[in-house]
Amino acid sequence: MNQKKQDEELGRFLSLILRHKPQLAGIALDSHGWAQVDALLEGCRRAGRMIDQKTLERIVAENNKQRYSFNEDHTKIRANQGHSIAVDLQLCEQLPPPRLYHGTATRFLEDIRANGIQKRSRQYVHLSQDRQTAKQVGARHGTPVILPIDTEKMRAEGLRFYRSENGVWLCEHVPWSCVIESEIGESDN
């Protein structure tokens, strides 16, 4: 297996550990989602994943979604967002652009129309700043559909926005009334 493929597999395993199931590597995350790098590397080895500091540094640096961050001295690592376990990422409320986008699959539209966009098992709903990223996200789940979000209307309704270290916009919930129905589509135009 080539290095790129190995790094992708290790990256998926790291995502599972740092966002959902740290116990699979026998580690614990602190209240802010940080794991000790040494413990993570040892836990990965115990779980049959051979990874060293150099490989971890490369995976973090080259991940196209910038899913992970190190602390200043690279002794701790965490996922930037997407957790299904309770962690406080110490996010500060931020003013979003007037329009953000949520990518989903057409098969989920009926439920979203009835209930809005829910965070489900994650801590936040994920929104992107561009249609193309939303389309890519939606395509992972089936036939993609892009839902444009009126952030000014959401803010007027008292909803808050946060931005993760890798640029993903986060919020607790998106009411259907804040989806711009006239702009819903599959295209990235």
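The legends below describe several views of one predicted protein model.

Residues are numbered from 1 along each chain as its sequence is written. Because this is a predicted model, local features need pLDDT of at least 70 and side-chain atom pairs count only at pLDDT 80 or more, while totals for chains, interfaces and linings use all residues, and side-chain values use heavy atoms, with hydrogens and water left out.

**View 1**
The protein has six helices and eight strands, where helices (H or I, at least four residues) and strands (E, at least two) are DSSP runs numbered from the N terminus. Along the sequence these elements follow the pattern α-β-α-α-β-β-β-α-β-α-β-α-β-β. The C-alpha trace spans about 50 × 35 × 25 Å along its principal axes. Of the 189 residues, 44% count as buried; buried means under 20% relative accessible area, exposed means over 50%, and partly exposed lies in between, with a 1.4 Å probe and protein chains only.

**View 1. The largest nonpolar core.**
A nonpolar core is a set of buried Ala, Val, Leu, Ile, Met, Phe, Trp, Tyr and Cys residues joined through side-chain atoms within 4.5 Å. The largest one here holds 21 residues, and L14, L40, I51, L56 and I77 touch the most other members. Helices α1 (3–19), α2 (37–46) and α3 (53–62), together with strands β2 (68–70) and β3 (76–79), each supply at least two residues of this core, and α1 gives the most, with five residues. A second, separate core of 17 residues includes I117, F161, W176 and C178.

**View 2. The surroundings of I51.**
Contact means heavy atoms within 4.5 Å. When neighbours within four places in sequence are left aside, I51 is in contact with L10, L14, L41, C44, R45, L56 and I59.

**View 3. S15 in helix α1.**
S15 has its place in helix α1 and is buried, with a relative accessible area of 8%. Not counting residues up to four places away in sequence, S15 touches H20, R67 and Y68.

Three strands form an open sheet in the order β1-β3-β2, with antiparallel pairing; two strands pair if DSSP finds at least two bridges between them. The edge strands are β1 (35–36) and β2, each of which pairs on one side only. Three bridges join β2 to β3, and the bridge partner of Y68 in β3 is A79. Helix α3 lies across β2 and β3 and runs at about 125° to β2, where axes are lines fitted to C-alpha atoms, for helices over the stretch in contact, and angles run from 0 to 180 degrees between N-to-C directions.

**View 4. Strands β4 and β6.**
Seven bridges join strand β4 (residues 99–105) to β6, and the two run antiparallel. Within this pairing, H102 stands opposite L147 in β6. Strand β6 (residues 144–150) is mostly covered, with six of its seven residues buried.

**View 5. Q90 in a loop.**
Q90 lies in the loop between β3 and β4 and, at 48% relative accessibility, counts as partly exposed. Leaving aside neighbours within four places in sequence, Q90 is in contact with H32 and R78. Q90 and A156 are 66 residues apart in sequence, and their C-alpha atoms are 24 Å apart in space.
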